[in-house]
Amino acid sequence: MFEIGDFIVYGNTGVCEVKDITTIRMMDVPEDRLYYLLSPLQRKESKIFTPVNSGKTVMRAVLTREEADALIDDIPGIEELWVGNDKLREEMYKETMKSCSCRDWIKIIKTLYMRKQERLAQGKKTTAMDERYLRLAEENLYSELSLALGVPKEEMETYITKRMVAMSAG
């Protein structure tokens, strides 16, 4: 169980702060059922109530600083996702995003970066679907890494690049 003040990843909403653990007075809701009151980091005005013991949506602790650094160090070895069929590709992106795994978000980012380079080399534009999933994966990954590492989210891509360059040089 998470505590008030903890930062967690909640499904595709991304990083949220646990603001309260409480019961809800509503018809057909057991009076003793506990709920988290979550505040999404990216939309502070939003509030989410979710059962403490719900298995429907992925809820996990945000990475620690050590886990975030180790993840960045692992990026070169994380495989891309390759699917030739456009309809199957979007389905794979959706399922991969649902995992709420930083490694899976990196797979999407790497895949879409490579696809973008290939399409540009062929004189084609990036597809709207690719852009949408790239933004979503980057938003989720950079928000979590930003919190874990204490680096502003806007600087995350630069931070990752510098760390990877330093690793390959060292």
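Author: One definition comes ahead of the questions: buried means under 20% relative accessible area, exposed over 50%, and partly exposed in between, using a 1.4 Å probe and protein chains only. The model is predicted, so local features need pLDDT of at least 70, side-chain atom pairs count only at pLDDT 80 or more, and totals for chains, interfaces and linings use all residues. Residues are numbered from 1 along each chain as its sequence is written, and side-chain values use heavy atoms, with hydrogens and water left out.

Reader: Is Leu134 buried or exposed?
Author: Leu134 sits in helix α4. Its relative accessible area is 12%. The cut-off for burial is under 20%, so Leu134 is buried.

Reader: Which residues is Leu134 in contact with, leaving aside its neighbours within four places in sequence?
Author: Contact means heavy atoms within 4.5 Å. Ile106 lies 28 residues from Leu134 in sequence, and their C-alpha atoms are 9.7 Å apart. With neighbours within four places left aside, the contacts of Leu134 are Ile109 and Leu112.

Reader: In what order do the elements run from the N terminus?
Author: Helices (H or I, at least four residues) and strands (E, at least two) are DSSP runs, numbered from the N terminus. The protein has 5 helices and 5 strands. From the N terminus on, the order is β-β-β-β-β-α-α-α-α-α.

Reader: What share of the contacts with a separation of 6 or more is between residues 24 or more positions apart?
Author: The C-alpha atoms fill a box of roughly 60 × 40 × 25 Å along the principal axes. Of the 170 residues, 39% are buried. Among contacts with a separation of 6 or more, the share from residues 24 or more positions apart is 55%.

Reader: Where do the buried residues of α1 fall, seen down its axis?
Author: Helix α1 covers residues 65-74, and its buried residues are Ala68, Asp69, Leu71 and Ile72. Seen down the axis, they fall within an arc of 160°, taken from the directions from the helix axis to the C-beta atoms. They therefore line one face of the helix.

Reader: What kind of aromatic pair do Phe2 and Tyr36 form?
Author: The ring centres are 5.8 Å apart, with 50° between the planes. Phe2 lies in the segment before β1 (7-10) and Tyr36 in strand β3 (residues 35-40), 34 residues apart. Both are buried, Phe2 at 17% relative accessible area and Tyr36 at 1%. The Phe2 and Tyr36 pair is tilted.

Reader: Which helices does the pair of Tyr93 and Tyr133 link?
Author: This pair is also tilted, at 5.3 Å centre to centre and 50° between the planes. Tyr93 is buried at 1% relative accessibility, and Tyr133 is buried at 6%. The two residues are 40 apart in the chain, in helix α2 (residues 86-98) and helix α4.

Reader: Which residues is Thr96 in contact with, leaving aside its neighbours within four places in sequence?
Author: Thr96 is found in helix α2. At 10% relative accessibility, Thr96 counts as buried. Leaving aside neighbours within four places, its contacts are Leu81, Asp104 and Ile108.

Methods:
Rings of Phe, Tyr and Trp (its six-membered ring) pair if their centres lie within 6.5 Å; planes under 30 degrees apart count as stacked, over 60 as edge-to-face and the rest as tilted.
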